Every structure is written in structure tokens, then in C-alpha cells.
Amino acid sequence: MTNDRIPTGRLAPSPTGAQHIGNARTYLLAWLSIRSRRGGVILRMEDIDSPRVKRGAAAQALEDLRWIGLDWDEGPDIGGPHGPYVQTERLKLYRYALEKLKAAEQVYPCTCSRTDVAAAASAPHAGQEGPIYPGTCAHRRADDADRLARSASEGNPVSFAWRFRATNASRTFTDLVAGQQTCNVAAELGDFVIAKPDDSPAYQLAVVVDDHAMGVTEVLRGDDLLPSAFRQLELYEFLGWQAPQFAHVPLVVGPDGRRLAKRHGDTRLSTLRAAGVSPARLIGLLAASCGLIAQPKEISARDLIASFDLARLSRHKWTFSDEHLRWLLAAA
């Protein structure tokens, strides 16, 4: 996959909770990868997972990102030519894409699991892939949704989501960090949910529509989302859009080897800031964890631009420990 467009990346926080050290590490790498090539950065607020959105979390995310020294050329706070930059303000775009998929019989109404439908709203994480969908509802056509809706209006509640018909063929792409990746989406991942019962988008559809509309050429994110790249490539291919290049970086984990979360203690950026940790100290720790510098030291994000190279990144998960936290707090 080649891309000769102007390098454009995106920072895409979800206001479903506070930003923590693991988020900061991925945002830093995404920002450095684009800024090192003099490209543009877009900030997009991914708030379609409405039941989990926390009041004030969007504003906090912007404050956190600025605190660690990141900037952007377009976003909900400064505007730009590709707005709006909040997903719940972009619903018409997603519905237009969904209508194209319906007209081509590329999607079908699926009445299976409500839990599955709810989970599809947000980006899946490691361990959340679940079993491969067996195709129970794949015999349906798009206009069967009308019959299901009539049944619901007659007192027989039927909830359904729109599921994409995956391709039963091997698909390969070269990840900028993880290397060559191959997957048969139908056989290894299964048909996947792209919209909820009210036609509002699930994660897979929303990010494809947004990244295309905003001219994003590179998507750098955690490697827990690597399977999603294959799903999104299915959508890009059907819609006839040029896909971005993908770069999936190893996650930050706790001492138990699991994805960094509340169970590992308070690693929120706002908490570190309140404790007096300097952003330069945090950036230095994160840079060392990636292999960008030899040892942790105070350094700004901007000072890492000139020497940044994706090829230098560690391909291993980084374990954030109490020792790292003590180092951060030592100069506070």
C-alpha cells in the first residue's frame, strides 16, 4: 500500500473517561510520526459511544494533550476545513455511507446479540474480539429491516443492527510497525456490526468515513486494534476510497501483563499534573519506553521530532511499574 498524499494524521480521543499514560504514549507517537514529516494533525473527538461518554471528559482530553506538548492544525476547539470535529455532529455523513451499503446489499439487519451491538459502538480492545459471528442472519436482505420495524410497531419488539458482509478471501497489508499482516476477514473475524438499530454508526464505519473525509493518510494506534484494520479495509474497498497506512504500536500494560487500566492504580494525566509531574519528565519516560532515547530524561515532545523514526520503535509491550511512577514523582 503506497500513499503519496500530504502526510496527515489524527488524534482521536474518546470522552468515555480520563486520558492516562497509555493513551499519552500512543498520541505522542502518532503526533511525532506526522510532525517528523512536516504533515498536518487533526484532532477528532470520538463520542459516538454515547452511554459511556463522561461529562467534561472531552474538554479534559484537550487540556491533557496540550499539557504534554502536542498541538493540532484542525479540531473542535480551533475549527478547520474538515469540520465538524465531533462525531455526534457528523451523523449525516455516516448515514449516507450506510445507505450506499444497504443499496448494494452489502449489509443486512442482524437480530442476534444486543450485547454485541452495544460493544460495537466503541473501539474493541484486546480480549474483546469474542467468537466469530456464525452468519445466523446473513440470509436477510436490507429491506427485511422494514418488516422488522413493522413487527416492532405492532407490539413485537425486535432490535437489530446492521452487519457488514465480510469478504471470504485472504487480505494482506503492510503495517508500518507490525510488518506484513494477513487475514481472511470472513473466516477469521466474521461479519461485523457497522451501525446500531437507529442507523447511528458503530466504530468501524465512523472512523472510515471520518478518516476518508478528513484526508487522513496515516492511522497510528494501539496494536489491540490491528484486527479492526482488516475490517476497515473491507469498507474502504467497497466504498472505493484510498485507505490510509496503518501503524499499530504495542500497548502499555500493568505488572500483570494486562492492558493498563484503573486496576493498576491512578495513571491519569490529570492526576500526574496535579501531583506536580512536569510534562517533560513524562515525555522522557514515554520516549525511553519506545526506544526513542536511551534512558528516561526530561525532554519535550517537540525536541523528539528531528530524530524520530518509526523503524526505531520497540516492538514489545511496555510494562508501567511502580518504579516508573516513583521516577515521575521524584522531581515533583
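Predicted model: local features only at pLDDT ≥ 70, side-chain atom pairs only at ≥ 80, totals over all residues.
1. R38 is exposed, with a relative accessible area of 81%, where exposed means over 50%, buried under 20% and partly exposed in between, taken with a 1.4 Å probe on protein chains only. R38 sits in the loop between helix 1 and strand 2, and its phi is positive, about 60°, although R38 is not a glycine.

2. Residues are numbered from 1 along each chain as its sequence is written, and side-chain values use heavy atoms, with hydrogens and water left out.

3. Two further backbone features deserve a look in the model. D199, a residue other than glycine, has a positive phi near 70°, and D199 is placed in the loop between strand 7 (192-195) and helix 7. The peptide bond that joins G83 and P84 is cis, with omega about 0°, and P84 belongs to the loop between helix 2 (57-67) and helix 3 (91-103).

4. Strand 1 (residues 8-11) and strand 2 (residues 40-43) pair in the parallel sense over four bridges; here helices (H or I, at least four residues) and strands (E, at least two) are DSSP runs numbered from the N terminus, and two strands pair if DSSP finds at least two bridges between them. Between these strands the chain passes through helix 1 (residues 21-35), and this β-α-β crossover is right-handed, a term used if, with the strands pointing away from the viewer, the path from the first strand over the helix to the second runs clockwise.

5. Which residues does D210 contact, leaving aside its neighbours within four places in sequence? They are R44, Q87, R90 and Y94, where contact means heavy atoms within 4.5 Å. D210 is located in helix 7 and counts as buried because its relative accessibility is 0%.

6. H212 also has its place in helix 7, which covers residues 203-213, but H212 counts as partly exposed, at 33% relative accessibility. If residues up to four places away in sequence are not counted, H212 touches Y236 and W241. H212 and A243 are 31 residues apart in sequence, while their C-alpha atoms are 7.6 Å apart in space.

7. Helix 8 (residues 226-239) has 14 residues and reaches 21 Å from its first C-alpha to its last, close to the 20 Å expected at 1.5 Å a residue; the expected span is 1.5 Å times one less than the number of residues. Eleven of the 14 residues of helix 8 are buried, so this helix is largely enclosed by the rest of the structure. Among the buried residues are L226, F230, L233 and Y236. Helix 8 is followed by G240, whose phi is positive, near 75°.

8. The model holds five aromatic pairs, counted where ring centres of Phe, Tyr and Trp (its six-membered ring) lie within 6.5 Å, with planes under 30 degrees apart called stacked, over 60 edge-to-face and the rest tilted. F160 and W162 form an edge-to-face pair, at 5.8 Å centre to centre and 90° between the planes. F160 counts as buried at 11% relative accessibility, and W162 is buried with a relative accessible area of 2%. The rings of F173 and F246 have centres 5.8 Å apart and planes at 65°, so this pair too is edge-to-face. F173 lies in strand 5 (residues 170-175) and F246 in strand 9 (residues 245-249), so the pair ties together parts that are 73 residues apart in sequence.

9. The structure holds zero disulfides, a disulfide being a pair of cysteine sulfur atoms within 2.5 Å. C110 is in no disulfide, and the nearest cysteine sulfur, that of C112, is 3.6 Å away. C110 counts as buried at 4% relative accessibility, and C137 counts as buried at 3%.
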